[in-house]
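I am opening a notebook page on this complex. The entries follow the order in which I looked things up.

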Amino acid sequence: MVEFGIEFVPRDLYWKTTFYAVQAEKMGFDYLWITDHFNNRNVYISLAIVSAYTERIKFGPGVTNPYLAHPVVTAQAVVTLNEIAPSRVVCGLGVGDKTTLQMVNIEQSKPLATIRESVRVIREIASGGTLEMQGEIYKVSGAKLNFKVNSSIPIFIGAQGPKMLALAAEIGDGVLINASHPKDIENAMKFIREGADKAGKKLEDLSVSAYTSFSVASNYEKAFKAVVPVAAYIVAGSPEMILEQHRISVEVASKIREAIVHAQWKEAFSLVDNNMVEAFSICGTPEICIEKINKLLTAGVSQIVAGSPIGPNMRKSINIIAAEVFPHFKK
Amino acid sequence: MAMEKIARNIPVSLWNEASEKLTDAILNSPNAGKMPSDLAKTILYYWQRDQLATEVGLQRLLEASMILDPEKTISLMEELGLPEIVAMLKEIQH
């Protein structure tokens, strides 16, 4: 059965994020992901307070990265959360946001080895084991938590490129595909199948999610307006190959990037067109969103994550998803 | 104490509508940063238990809304056709 996740960015005040998290749980979302960027509120503190006000929804960082937080620290954090909310914690892991990492002069070096080894560290430490490891990236000598744990925390790996998608399927419990377009999901599924085959896994045993940029409203224009800033950032950060696949002018994308760098928001957002929004988001009235979700499911995903901005009015948009979108996919 | 009395005067038939309007006002207020943390946690407590549309829930929502945006709160009560509540809120505002 299809599952639905929702993503919150803790740029908002903690009580607003928590309010929406409680609402998401009441409305039937299955997963709650909170983004991890050092310049927003802390992801684990945000998740801890969310855990105190919710009872059922599964939750975790979506996604944290091993460049800023050593995987032993991530293991410690998710294990502690799991003590507060047993069997509800998941761990989203990825290479992080290039722009944010550049601010602190951190390079996303050797991403595949870093993710592979991080997963090993998190699994071993979170299960209460003692870790001895002389990896390419991490050297760990007898690391162990000083308290009793026996957790099996599912690790979801955020991926976009072919090699990372294959690795995510090979070593992860779930894959978070950073894409909103059926064509991108279809392409991603090839690599996911490859990775799953390598590990001798069945695709059905893997949770495969489309981690989308989502904006829903009763009025299309309002949904569109809300998603434009997010689409501008995605276009600005996308490699040429991805832009060309979606017939987006590399030149216009470059203009958007320049405008963002110079904080010329009006200029950047005015260059975003329907094609860009179509390529990089699920946006529109509930009917339009349902149609696009159907296409993503046909392409092979089992979870839809409604990511930022959700809609022009967060509370109303969550209610619209529950009242008008869920009935098409959930009992 | 004053807010408790004010909330008690909201007719039961308007509890849902009042709670919806106040919740929206609080979540979308440009002054959301003025919300006292203790009050935010009390509201979350009632929200988790589906008790915002009750006398105690409304009391907390009114309290928060008056801190964040008193004028807006008063105009919401006017929209609901509650002149007595409007007068009481104006009184505590001064």
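**Entry 1: a helix of chain A**

I began with H1(A) and listed its buried residues: A:Trp15, A:Lys16, A:Thr17, A:Thr18, A:Phe19, A:Tyr20, A:Ala21, A:Val22, A:Ala24 and A:Glu25. The model is predicted, and I read every value with that in mind. How much of H1(A) is buried? I count 10 of its 14 residues, so the helix is largely enclosed by the rest of the structure.

Next I looked up what surrounds the helix. Within chain A, the buried residues of H1(A) pack against strand E1 (3-8), strand E2 (31-34), helix H2 (43-53) and helix H14 (314-325). From chain B, helix H2 (15-27) and helix H3 (37-48) also pack against them.

Just after the helix, A:Gly28 takes a positive phi of about 105°.

**Entry 2: the contact between the chains**

I then turned to the interface. Eight residues of chain A are in contact with nine residues of chain B. Which element of chain A gives the most to its side? It is helix H1 (residues 14-27), with five residues. By class, the chain A side has five nonpolar, one polar and two charged residues. For the complex, the predictor gives an ipTM of 0.97 and a pTM of 0.95.

**Entry 3: chain A overall**

I noted 14 helices and 11 strands in chain A. The radius of gyration is 19 Å, close to the 20 Å that the globule rule gives for 331 residues, so chain A is as compact as a globular protein of that length. Its C-alpha trace spans about 55 × 40 × 40 Å along the principal axes. Of the 331 residues, 48% are buried. I also looked at contacts between residues at least 6 apart in sequence: 71% of them join residues at least 24 apart.

**Entry 4: chain B overall**

Chain B has six helices and zero strands. Along the sequence I read the pattern α-α-α-α-α-α. A compact globule of 94 residues would have a radius of gyration near 12 Å; chain B has 12 Å, which agrees. The C-alpha atoms fill a box of roughly 30 × 25 × 25 Å along the principal axes. In chain B, 33% of the 94 residues count as buried. Of its contacts with a separation of 6 or more, 71% come from residues 24 or more positions apart. I recorded a mean pLDDT of 96 for chain B, with 99% of its residues at 70 or more.

**Entry 5: a hairpin in chain A**

I followed strand E5 (residues 131-134) of chain A to strand E6 (residues 139-143) of chain A. They pair in the antiparallel sense over four bridges. E5(A) and E6(A) form a hairpin with four residues between them. Which residue of E6(A) is the bridge partner of A:Gln134? I found A:Lys139.

A:Tyr138 is in the loop between E5 and E6 of chain A. Buried, exposed or partly exposed? With 19 other C-beta atoms within 10 Å, A:Tyr138 is partly exposed, as 20 or more would be needed for buried. Leaving out residues up to four places away in sequence, A:Tyr138 touches A:Glu117, A:Val121 and A:Met133. I also took one distance: the C-alpha atoms of A:Tyr138 and A:Val250 are separated by 38 Å, and the two residues are 112 apart along the chain.

**Entry 6: backbone exceptions**

Most residues other than glycine have a negative phi, and most peptide bonds are trans. I searched for departures from that.

The peptide bond from A:Gly62 to A:Val63 is cis, with omega near -5°. A:Val63 sits in the loop between strand E3 (58-61) and helix H3 (71-84) of chain A. Another cis bond joins A:Ser308 and A:Pro309, with omega about 10°. I place A:Pro309 in strand E11 (residues 303-310) of chain A.

A:Ser87 is not a glycine, yet has a positive phi of about 65°. A:Ser87 lies in the loop between H3 and strand E4 (91-93) of chain A. It counts as exposed, with 10 C-beta neighbours inside 10 Å.

A:Ala263 is not a glycine either, and has a positive phi of about 55°. I found A:Ala263 in the loop between helix H10 (250-261) and helix H11 (265-270) of chain A. With 8 C-beta neighbours inside 10 Å, A:Ala263 counts as exposed.

Terms used:
Residues numbered from 1 in each chain as written. Chains lettered and ligands numbered in written order. Predicted model: local features only at pLDDT ≥ 70, side-chain atom pairs only at ≥ 80, totals over all residues. Pairing = 2+ DSSP bridges. Helix = DSSP H or I, 4+ residues; strand = E, 2+ residues; numbered from the N terminus. Rg over C-alpha atoms; globule rule 2.2 N^0.38 Å. Buried ≥ 20, exposed ≤ 12 C-beta atoms within 10 Å, placed from the backbone. Contact = placed C-beta atoms within 7 Å. Nonpolar A, V, L, I, M, F, W, Y, C, P; charged D, E, K, R; others polar. pLDDT = per-residue confidence, 0-100.
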